[in-house]
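Look at the structure first, then read on.

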Amino acid sequence: MKYFSTNKNTPDVSLAMAVTKGLAADNGLFMPEIIEKMPASFFEALPHLSLQEISYRVADAFFGTDVPAEKLKEIVYDTMSFYIPLVKVSDDIYSLELFHGPTLAFKDVGARFMARLLGYFNQQHKVEGNVNVLVATSGDTGSAVANGFLGVEGIDVYVLYPKGLVSEIQEKQFTTLGQNITALEIDGTFDDCQALVKSAFLDVPLNEKLILTSANSINVARFLPQAFYYFWGVAQLIKAGVTDQLVCAVPSGNFGNITAGLFGKRMGLPIDRFIAANNRNDIFLEYLNTGEYRPRASVATIANAMDVGAPSNFARVLSLYNSQLSAIKADISGTMYTDEQIKNTIRQTYQSTGYLLDPHGAIGYQALLDGLQPGETGFFIETAHPAKFLDTMTDILGFEIEVPAKLQEFMKGERKTMALGADFESFRQFLLEKAV
Ligand SMILES: *Cc1c(COP(=O)(O)O)cnc(C)c1O
């Protein structure tokens, strides 16, 4: 399959090229040229298939022409080797818990898949030389990418994070791994980290010497696998007897997760509509209301993985709907919740149902509470385990919630990191000396 750029100003590329480049040469995002409709027989079988079987069928629709069936199956089965339960929270509302993977966030799915696919391309010499994955993180992305790529031959990962601005537990998840993972503590903010990574991708001499790619949701290999679990979620709802009038709410930041869901809908998945649930960084909601896309500096909220002022996958949404606002509005609505509202939702939901929402999932749940019409059933994506935000949760609930053993394990490791300034020249020199 060929991949085209959303900016349409550069020739189409192969999957291997799209994955190793990350961003297209004209700065657009890569899109698969075909989004296959799944056959009716697949939807009939859906409630009887396992998570891995469903994921493989969806993966085959995207990657089947580029990766041999046995290999693709191996990659998918290995990626999706943890459970994703659908849990009923209240009348007509279900939580799709995507926090049972190694780093307890949904990003594990895309990061693990991308690591395995890139490892395969490297083995096949579809990529010449070591691939250097650069990732700027405010917490969650770095841990999912570092753990997903740990020990993968031919790939080195550099995690850039702002000094003193990620929680201890988050930092431990990418500074204690060693092997092919290097943590870089940048004397600056998350925006500085992101600027360093962007400058590296644009630096011509650096790119002549090194293969550099990104592992955030602009990368098709991280983005597309996120469609798997929307099919799985619907399969579980069908099993529970819910077959129509489905609504899906997705806590959104860079809009990679929700866009993968929209791809699922395009493939025939019976989800009537989506709600893009935002925190105060509600650029998309503003776009729906005004028809104008106005990126702006992000503001800090307690749902910090969604503090994004210029959602990178917005270009994919536009491409999917040929930039037609009315078509976009027919499939997606938006909402916004403040920190105070998020806190209230977490408290009230815990008191009335016993269910523990994390600050991101809480936005999705509230969006369904407020937005479901009579007759509709909703599910939201629970994007991370609440214990990843321990201080915030303690502050909201007044007691400390239990920390899963998996998360506690990370705390035992020894933190190894390299301090760097926020100037590009230091980072550039570091890469030239360190990377191969
Ligand atoms: C990354 C992240 C989000 C936002 O996902 P996007 O794909 O960027 O929209 C939401 N919640 C959590 C916990 C995350 O880590």
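## The largest cavity

The lining of the largest cavity has 6 nonpolar, 4 polar and no charged residues. Here Ala, Val, Leu, Ile, Met, Phe, Trp, Tyr, Cys and Pro count as nonpolar, Asp, Glu, Lys and Arg as charged, and the others, Gly among them, as polar. Among the lining residues are Ser 252, Phe 255, Asn 281, Phe 284 and Pro 311. The space is about 30 Å³.

A cavity is a set of points on a 1 Å grid over the protein atoms alone where a 1.4 Å probe fits but cannot get out; a pocket is an open set with protein on both sides within 12 Å along at least five of seven lines; lining residues have an atom within 4 Å of a point. A volume is the space filled by probe spheres set on the points, which are joined across faces, edges and corners.

## Basis of the model

This is a predicted model: local features need pLDDT of at least 70, side-chain atom pairs count only at pLDDT 80 or more, and totals for chains, interfaces and linings use all residues. Residues are numbered from 1 along each chain as its sequence is written, and side-chain values use heavy atoms, with hydrogens and water left out.

## The second largest pocket

This pocket holds about 300 Å³ of space. Its lining has 16 residues; Ser 167, Ile 169, Lys 388, Leu 390 and Asp 391 lie nearest its centre. By class, 8 are nonpolar, 5 polar and 3 charged.
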